[in-house]
Amino acid sequence: MSAAQEAGPTQGLVVGVDVGGTFTDLFVLDEAGGSARVVKVPSTRGEEARGFMNGIARVADGANAIATIVHGTTVGTNALLERKVARTGIITTAGFRDVLEMRRRDRPQTWGLRGNYEPVVPRDLRLEVDERVLADGAVHTPVNLDQVEAAARALLEQGCEAVCVFFVNAYANPVNEAQAVARVRAIWPNGNVTAATEVLPEIREFERCSTAVLNAALQPVVGSYLTRLESDLQQHGFDGELLVVQSNGGVMSRQTACDVPVRTALSGPAAGVIACAAIARASGFPNVVTGDMGGTSFDVSLVANGEASLSAQTSIDFGMVVRAPMIQIETIGAGGGSIASVDAGGLLQVGPESAGSIPGPACYGRGNTRPTVTDANVLLGRISAERPLGGGLLATMDVELARAAIDEHVAGPLGLTVYAAAEAILTVANAKMAGAIRVVSIERGHDPRKFAYMPFGGGGALHVCAMMNEVDAAHGIVPRYPGVTSALGCVMADMRHDGVQTLNTALNALDVDDLVARIDGLAVACQERLDSAGVAFEGIRESIELDMLYVGQSHTVRVEVTRDALTQAGIAAAFDLAYRAAFGRSLTGIPVRILNLRYARIGQRPKFDLALLAPTCQDMPDALGTQAVFHAGQWRDAVRYARLDLPVGAEVAGPAILEQPDTTIWIEPGFEGRVDALGNLLITRQPS
Amino acid sequence: MLDPVTLAVLKGRLEQIADEMDATLYRSAFNPIIAEAHDACHGMYDAATGATLIQGKSGLPVFVGAMAFAVKAAAKAAAQRGGMVDGDVWLFNDPYEGGTHANDFKLVRPVFRQGKLFCFLASAAHWHDVGGAVPGNYNPAATECWQEAVQIPPVRIVRAGTLDLDVLAILKANTRLPDSLWGDLNGQLAALELGAGRLAGLLDEYGDATVLESLDTLRERARRLMRDHIAALPDGQYAFEDMLDNDGVRDTPLRIALTLTIAGDRLTLDFNGTSPACAGPVNISRATAIAACYVALKHLFPDVPANAGVLDAVDVVLPDGLVISADRPRPVGGYTETILRMIDVIFCAMAQAAPERAMAQAYGTINALSIAGYRSDAARKGQRWVMFSFFGGGHGGHSDGDGLSHGNAPISTATIPPLEILEAAYPVRFTQWALRPDSAGNGTHRGGLGAIYEIELLEDSADAFIFGERGRSAPKGIAGGGEAALNVFRYQQNGQWQTPPMRSKMLGIQLQRGDRVRLETPGGGGYGDPAARAPAAREHDRKMGYVSEKREERDNTKEQLA
């Protein structure tokens with residue numbers, strides 16, 4: 001990629017590596033030399049470490065020039081989605097071996113009563129032992145450690161590589177579970193032993209069991225991947241720190257990632273959102289909605305006041321629940337490869353069915369003949385068939401194949417011209433994507449009109465003006481390198497560790513000293529994790545939250561508290577404020593409970609100056625020419641520019657096409673773009 | 001005519017408004033039946049007919065059909081009492097007019113545009129306790145509606161934007177759990193408020209006429225899609241009947257009979273031959289019965305949009321005076337069991353016409369179990385507690401594969417509360433929470449497994465109530481698939497296990513500390529000839545303990561006898 005500045009002296013490089021489905025992106029930061037650059041190599045699916053090392057080889061002569069590597073990985077996610085996890089066993093309380101398979105008594109779809117569920121751990125590998133703790137923490141039946149050992153040996157005989165010990169009510173008192181885990185660890189031949197409450201000491205047995213079991217099942221997969229990666233790096237002379245991005249947007253050490261691999265479930269996408277948040281803050285837009293448009297899906301996240309929103313729980317697939325703080329990402333099936341069709345009722349549909357990257361859109365000519373969103377963009381002139389994305393790493397495109405597909409499957413059935421049909425496909429896809437934006441904003445009490453829209457990934461910038469129109473956003477921001485945003489985020493992310501404990505107490509019965517002691521305990525544990533990574537921090541920040549509710553309610557409200565307000569009255573006031581913010585009024589006279597304590601400790605890594613990425617050219621370049629684009633029912637001549645050649649302050653009025661190796665930006669008529677001091681393109685409506 | 005693009009966009013936007021109303025109530029509701037079990041629904045209804053225009057995706061499926069009747073009932077009452085004005089919210093729980101049962105409070109809010117009624121928004125939700133003889137209102141011995149719950153006709157809970165504190169006071173005086181009631185009502189009002197605001201924004205953006213036209217078109221499309229589906233089925237008459245164990249008062253089985261006729265693009269569901277209205281609470285009103293037909297058809301044809309168009313191509317023949325067309329004051333508290341059986345017979349009749357379209361019967365009972373008493377410890381002495389939940393079972397096998405184990409009932413999308421939450425809130429201990437081997441119907445594709453729940457009392461004493469079905473007649477298979485296991489409820493008294501005379505229905509079971517109750521729920525029926533089941537699937541079932549060797553032996557003997 002033509003990116004950026006020449007490499008400076010190769011001392012103490014920080015390298016962010018994002019391994020995606022198609023490309024492995026590296027963002028190389030040379031802080032001493034004050035420069036940054038980008039490396040893009042093809043990914044090697046199923047053997048991610050190889051693509052990773054290919055990329056590293058292009059960073060510098062030897063890996064010894066690299067001080068820190070921060071990695072965003074989808075190895076964990078893919079292993080879960082493809083069910084390529086380790087053979088894993090469960091040792092659990094007598095009477096409860098089926099908690100995992102019974103889920104929360106749900107079903108995959110509201111309508112149809114079809115679909116099934118295959119638990120990650122099959123029933124014959126879920127063994128029961130005598131033990132029982134009650135909800136108040138009292139030990140009803142002490143754990144039978146001989147049974148525990150026998151169960152562990154039986155699982156080993158069955159070929160299990162990993163094991164999870166999960167006892168009912170252990171959140172209230174982990175004594176039985178801890179004894180059992182100690183006995184299992186004493187005989188288990190490797191380190192892949194997960195104690196459910198060590199991963200998640202929180203009430204709700206299915207969610208805890210699922211999270212812990214997925215952790216156990218991922219340990220051998222993620223562990224061996226990261227261990228191999230580290231040893232490959234060391235063979236190439238690397239003696240710095242290998243860090244991994246967590247789903248919560250913070251980074252952790254390689255060792256922590258091996259211990260709690262379930263925290264990598266959304267590692268890759270989280271890094272992208274972190275970069276967007278930083279770019280938006282630096283550009284003066286603390287409130288943005290980010291949209292990552294890939295081949296099959298569109299991922300939306302919300303950044304409010306400069307911080308990415310976190311959700312407490314995420315389902316990777318039906319019944320595959322991970323309860324851990326993760327960047328809140330709303331995913332819908334609308335990407336470049338989403339297939340457009342007309343249903344039996346005559347309604348135009350786009351997605352969720354997708355042609356993916358193989359065989360890909362019809363215009364790739366690789367066997368798919370049904371029209372996709374990319375085909376519509378190609379036919380309408382928004383992507384030039386002669387200049388496909390990815391700097392030649394992707395296929396060439398045939399506009400006639402796109403035309404034929406749209407004509408047969410959409411224009412014909414709807415009685416439209418082929419161009420009107422292509423525009424209709426984009427309109428429906430845009431409306432669908434805007435729906436996801438509304439979900440992350442309106443449903444959580446934010447007005448999307450007050451947020452800037454920031455597309456990233458390869459496809460998003462084609463739709464930036466359309467999205468602004470759909471949600472009535474005043475500003476759009478296209479980052480300077482939208483295609484490598486996740487790699488950039490790896491370099492920018494802080495180190496973060498979370499802890500949770502279930503309190504389940506009435507507010508008026510709260511022992512404040514005990515609460516403070518618990519917070520201090522979590523702080524020490526998280527700090528130990530931070531210290532173990534060998535990374536220097538500029539500062540340490542903590543966040544304390546309580547999950548609270550009125551007695552009788554079952555959904556909690558997250559209440560942020562500060563250490564100086566840790567009194568019953570201070571907590572009550574904070575709850576009142578949070579409840580009003582969520583529901584418009586509070587309910588007086590009903591007693592309040594505290595369910596969980598949530599703690600996060602953040603080690604702030606040195607911030608690099610985004611101005612490093614800013615354009616250095618001074619003069620407005622000549623246009624590359626014009627391109628015919630079909631928009632709002634007619635053909636128009638759009639002016640074409642090479643995006644990275646535009647200097648700070650450059651202004652381009654729509655209709656315009658801005659091209660760069662990893663994306664194309666389509667500025668619609670009525671909009672204009674301006675390059676800000678950091679090289680981002682700010683898009684606004686033209687004053688009329 | 002509306003262009004197809006605007007139509008697709010408006011469809012998504014309108015559905016999203018209903019979804020957001022659902023989400024608002026779930027987050028703010030007090031009682032777990034709404035917050036966890038999603039026993040609620042929101043939507044948009046026709047100004048003139050009350051017909052369903054748009055429905056939230058996560059709401060309780062059975063409300064989809066019933067809400068149209070509820071909206072009509074509120075409009076009728078309002079017409080007799082001065083009409084509706086902007087900012088009104090009407091509230092009622094009359095199940096004969098509005099469908100389902102008295103726990104479900106329906107709130108109806110008119111939406112006006114330029115002084116003219118544009119449509120209705122409505123919210124329905126299951127309140128935890130609304131008076132009557134039994135906490136939680138599942139009274140298996142009720143013979144009149146007043147023994148089940150307080151009866152509230154359509155009244156204004158909000159008058160032109162102002163909450164009516166008089167009505168609120170009456171409601172609060174008629175429940176064992178006034179805080180819960182107020183919290184749930186508050187959530188429903190908030191959902192309607194949000195819906196009204198969002199709809200006004202959409203109408204301003206697209207114009208009233210365009211939105212109305214899109215709603216008409218969507219109904220027309222649902223109608224057309226449904227007709228296409230029906231036309232693709234072979235013409236003919238297909239009959240099926242199934243039984244309810246009893247009505248909880250008299251121990252006589254009740255018949256649900258159906259003749260399903262396909263003639264071209266019309267479908268007739270004729271329930272002649274069904275038992276007359278009964279003494280106990282398994283009656284349902286006509287509105288509920290039609291809602292049940294809707295749910296069954298939506299499961300069979302899931303791609304048809306959720307609006308009234310689904311029923312336009314369908315005739316439902318429902319003579320007066322049946323157990324499925326009952327009038328006041330016949331008790332209707334156990335409506336869930338009866339509509340599940342209606343869905344069962346529709347699936348089985350459809351399976352004769354097109355087995356690949358249908359699913360075998362699901363477990364077919366919600367098993368409403370409540371355990372209630374007073375705290376005896378010093379700190380909480382005399383405090384009342386009521387644990388109430390529904391329990392799961394297996395789904396039926398189908399042409400694509402085995403049924404889902406431990407699913408929720410076809411009429412609901414409810415999740416079950418975590419046992420750790422129940423144990424933390426109530427003085428009980430679960431001694432088992434497990435899949436139930438041998439509970440599924442055999443077949444080329446077997447049913448999903450039911451479950452076993454066993455609960456021990458940790459207080460000095462308590463009363464238990466059970467309202468379930470399928471104790472005498474098991475869930476059926478289709479296309480040659482086998483029956484699932486029966487529902488089994490038992491309870492301990494002085495250490496001895498007992499079975500209720502009515503099998504799965506009993507009032508006031510007195511438990512002492514250490515006594516247990518045990519529920520073993522049915523799996524789903526099987527699909528297709530069991531002999532054609534893949535050997536690898538059989539082997540897997542055995543290895544996982546889903547099917548025991550004992551059960552296989554029994555099945556083989558049966559096959560040989562047949």
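Let's start with one residue. Glu542(A) has a relative accessibility of 28%, so this residue counts as partly exposed. On this scale, buried means under 20% relative accessible area, exposed means over 50%, and partly exposed is in between, with a 1.4 Å probe and protein chains only.

A word on the model. It is predicted: local features need pLDDT of at least 70, side-chain atom pairs count only at pLDDT 80 or more, and totals for chains, interfaces and linings use all residues. Residues are numbered from 1 along each chain as its sequence is written, chains are lettered from A and ligands numbered from 1 in the order in which they are written, and side-chain values use heavy atoms, without hydrogens or water.

Back to Glu542(A). What does its side chain meet? Glu542(A) and Arg563(A) form a salt bridge, 2.4 Å from N to O. A salt bridge here is a side-chain nitrogen of Lys or Arg within 4 Å of a carboxyl oxygen of Asp or Glu. Side chains of opposite charge can pair when their charged atoms come close. Arg563(A) is partly exposed because its relative accessibility is 36%. This pair links distant parts of the chain, 21 residues apart. Glu542(A) sits in strand S26 (residues 539–550) of chain A. Arg563(A) sits in the loop between strand S27 (557–561) and helix H16 (568–583) of chain A. Helices (H or I, at least four residues) and strands (E, at least two) are DSSP runs, numbered from the N terminus.

Next pair. Arg126(A) and Asp98(A) form a salt bridge at 2.8 Å, N to O. The two are 28 residues apart, with Arg126(A) in strand S6 (residues 126–129) of chain A. Asp98(A) is in the loop between strand S5 (88–93) and helix H3 (99–102) of chain A. Are these two buried or exposed? Both Arg126(A) and Asp98(A) are buried.

One more pair in chain A. The side chains of Glu198(A) and Arg185(A) meet in a salt bridge, 3.1 Å from N to O. Glu198(A) lies in helix H6 (residues 196–199) of chain A and Arg185(A) in helix H5 (residues 175–187) of chain A, so this bridge ties together parts 13 residues apart in sequence. Glu198(A) is exposed, at 53% relative accessible area. Arg185(A), at 37%, is partly exposed.

How many salt bridges are there over all chains? The count is 71.

Now, where the chains meet. The contact takes 83 residues from chain B and 66 residues from chain A. Contact means heavy atoms within 4.5 Å. Between them, the chains bury about 6500 Å², with 56% of it on carbon and sulfur atoms. Buried area is the accessible area (1.4 Å probe) that two parts lose on being put together, summed over both. Which three residues supply more of chain B's share than any other three? They are Arg27(B), Phe30(B) and Glu420(B), with 12% of the area that chain B buries against chain A. Four salt bridges are counted between chain B and chain A. Arg132(A) also pairs with Glu423(B) in a salt bridge, the closest N and O atoms being 2.5 Å apart.

On to helices. H11 (residues 399–414) and H12 (residues 418–441) of chain A pack at about 80°, with axes 9 Å apart. Axes are lines fitted to C-alpha atoms, for helices over the stretch in contact, and angles run from 0 to 180 degrees between N-to-C directions. H11(A) and H12(A) are therefore roughly perpendicular. By rule, angles under 35 degrees are roughly parallel, over 145 roughly antiparallel, 65 to 115 roughly perpendicular, and the rest oblique. H11(A) brings residues including Arg403(A) and Ile406(A). H12(A) brings, among them, Val418(A) and Tyr419(A). The contact residues divide into eight nonpolar, no polar and two charged. Ala, Val, Leu, Ile, Met, Phe, Trp, Tyr, Cys and Pro count as nonpolar, Asp, Glu, Lys and Arg as charged, and the others, Gly among them, as polar.

Helix H14 (residues 485–492) of chain A has eight of its eight residues buried, so H14(A) is largely enclosed by the rest of the structure. Gly489(A) and Cys490(A) are among them.

Last, two residues of chain B. Gly309(B) lies in helix H10 (residues 309–312) of chain B. At 0% relative accessibility, Gly309(B) is buried. Leaving aside neighbours within four places in sequence, Gly309(B) contacts Arg219(B), Ala222(B) and Arg223(B). Val316(B) is in strand S11 (residues 314–317) of chain B. Val316(B) is partly exposed, at 26%. Not counting residues up to four places away in sequence, Val316(B) touches Leu269(B), Phe271(B), Ile290(B) and Cys293(B).
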